[in-house]
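Hi,

Here is the structure I promised to pass on to you. Have a look at it first, and then read on for what turned up.

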Amino acid sequence: MPVPWFLLSLALGRSPVVLSLERLVGPQDATHCSPGLSCRLWDSDILCLPGDIVPAPGPVLAPTHLQTELVLRCQKETDCDLCLRVAVHLAVHGHWEEPEDEEKFGGAADSGVEEPRNASLQAQVVLSFQAYPTARCVLLEVQVPAALVQFGQSVGSVVYDCFEAALGSEVRIWSYTQPRYEKELNHTQQLPDCRGLEVWNSIPSCWALPWLNVSADGDNVHLVLNVSEEQHFGLSLYWNQTGPQIITLNHTDLVPCLCIQVWPLEPDSVRTNICPFREDPRAHQNLWQAARLQLLTLQSWLLDAPCSLPAEAALCWRAPGGDPCQPLVPPLSWENVTVDKVLEFPLLKGHPNLCVQVNSSEKLQLQECLWADSLGPLKDDVLLLETRGPQDNRSLCALEPSGCTSLPSKASTRAARLGEYLLQDLQSGQCLQLWDDDLGALWACPMDKYIHKRWALVWLACLLFAAALSLILLLKKDHAKGWLRLLKQDVRSGAAARGRAALLLYSADDSGFERLVGALASALCQLPLRVAVDLWSRRELSAQGPVAWFHAQRRQTLQEGGVVVLLFSPGAVALCSEWLQDGVSGPGAHGPHDAFRASLSCVLPDFLQGRAPGSYVGACFDRLLHPDAVPALFRTVPVFTLPSQLPDFLGALQQPRAPRSGRLQERAEQVSRALQPALDSYFHPPGTPAPGRGVGPGAGPGAGDGT
């Protein structure tokens, strides 16, 4: 029988190490001391002012050690509070001064200095307590008879009962004398919570502990609160490292740092905190599924994850063809990773085949090729590892799936057969240096030209075969025409069925504009287009995050020869202008599912580096935005107004080499008819002014009407 993937009832049970505590009756503080000593507790607290250290006028009593013990202070059997008992151990420090030194301290020295051999010692010992949100100081008077005064020897201890503090809190204690002759003692005590106490049923704030139970029903989690009908309670689920916050308990949300907090709704009640998923394998799996790597610059990147976790990262080299990514350790080394902290690799240049591997618990958890987004797909390059030794000795090897092949070599691998050419390319500067230090270097050498030479004869044979086939078809002209006609129809029907990929990006200015975008996307889907828009992918967008979702959609669209459509609105223009001025967008300006805001970090480099023409198209709606309001950087690609320029817009969405279809005007009318109800609803809602107008540059009546 399979065991449920989490057994929270075990996590919520009583701790195996519990404390049985002594009980004190009554609310009054008290003090007592070792035999032979006399002590007294001042009636009220004092100000916590330790003052400066002053020279001792002779032998003095000084605290040497603090000792604590947990007790219960009870008003009745079932009404107790946790209390901290403190014992201060004292010793005699200092020496008797010579008679001539009496003038240094004045003639008003006490009798202990005038008759040193027969006097007792007195001290005022201060105990200072700090435990958020309370702090207090108490004063203990201690007297030691002359018979017990021995220099440098302990004379006993004085015990204070007791300081009340909250369960689970941290108490910091200081002890010093007044006046202060030496540096104060300090001690920190961590108090247990309800699960660490055997007498939790005597403390009212712990009564919530047995209420909570958790059970599993497939992928669902049930929290069972076993409370009476008249009992009020509060429940909170929160992320441990970021403070309390209310969340929905879903099995995909369970991660190691997810904790449960429960408490009775009574004044100053203590909240019981439980983090039951720390060791759960499914929670760790959810954590790594939500983790993402983000490339910030050529050398810097960070790990974005819901929880802090122990991990280490290293670079690896991934060759095309599906072979595993090979770690570059050595010559590089594994680096410890901290969540949301910028990390750096000592790279000179980036390369699409370089990837980052993240390991945790000696297991590969995450791997991403961060440089592929900006540098393109994987290349058929060979990575050369240069190792440098003493006296300028160096050796080279080529990294292959079977290992690192020394160059030159007589092995039968591809790198070995091309070893001489690779060494020549390295010496002539045709290889790209990725990393360099005193111990070695990494070089990426292209292999495309060698592959082209190898396949030259194959291509020649294919061309001869194609020429012979063409000659045969010319001899049978009538049959060839019919065959070509059928082939052309099949190709057109296949292309129409599949269509070109189009990624639609927009700024979610308001709900009315989102409905208008949805109508446009639905109308375009009736054409030979495969439209992707975040409105139809909210679940994936929430699971992956806007940045990761857009990166994946953009990469897939461009790799398939598709087009990215930037749908400009007043909100989109304002956000683009803000990015162009400051390089960052204002927090909270857009909704959590706004892929347009997340996309700017990747869209802008394509425009700045001149890669946008042919892959991007702009558009805006008539009467909502004039094309001149679009920032000049984005007008390097065509910007169309809809629906007035629908034919030209649909023509730009076709395949780059596709012929202009005679049905283009008919399709434009079809899209216009499908879009018109949404436009009327947006610009002329019954009884209310049109939304989205009068906001942002270029907005207003007549803006973008094409006149």
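A contact here means heavy atoms within 4.5 Å. With that in mind, of the contacts in the protein chain between residues at least 6 apart in sequence, 65% join residues at least 24 apart. Please keep in mind that this is a predicted model.

Some overall figures to begin with. The protein chain has 707 residues, and 42% of them count as buried. Its secondary structure comes to 16 helices and 33 strands. The chain exposes about 38200 Å², with carbon and sulfur atoms supplying 53% of that area.

Next, the nonpolar cores. The largest one has 42 residues, and Trp301, Leu303, Leu328 and Val356 are those with the most contacts inside it. Several elements each supply at least two residues of this core, including helix α3 (281-290) and the strands β17 (300-304), β22 (354-360) and β28 (440-446). The largest share comes from β18, with four residues. Leaving out residues up to four places away in sequence, leucine 328 touches Leu315, Cys316, Trp317, Leu354, Leu383, Leu399 and Leu442. There is also a second, separate core of 39 residues, and Cys80, Phe163, Val171 and Val270 are among them.

At the start of α10, a side-chain oxygen of aspartate 510 comes to within 3.2 Å of the backbone nitrogen of glycine 512.

Threonine 177 has a relative accessible area of 6%, so it counts as buried, the cut-off being under 20%. Its side chain reaches the backbone oxygen of proline 179 at 2.8 Å. Not counting residues up to four places away in sequence, threonine 177 touches Leu61, Ala62, Pro63, Gln124 and Val125.

Notes
Residues are numbered from 1 along each chain as its sequence is written. This is a predicted model: local features need pLDDT of at least 70, side-chain atom pairs count only at pLDDT 80 or more; totals for chains, interfaces and linings use all residues. Side-chain values use heavy atoms; hydrogens and water are left out. Buried means under 20% relative accessible area, exposed over 50%, partly exposed in between (1.4 Å probe, protein chains only). A polar contact is a pair of N or O atoms within 3.5 Å; within protein, one must be able to donate a hydrogen and the other to accept it, and residues adjacent in sequence count only if both atoms are side-chain atoms. Accessible areas come from the Shrake-Rupley method with a 1.4 Å probe; for residues, only the protein chains shown count as cover. A nonpolar core is a set of buried Ala, Val, Leu, Ile, Met, Phe, Trp, Tyr and Cys residues joined through side-chain atoms within 4.5 Å.
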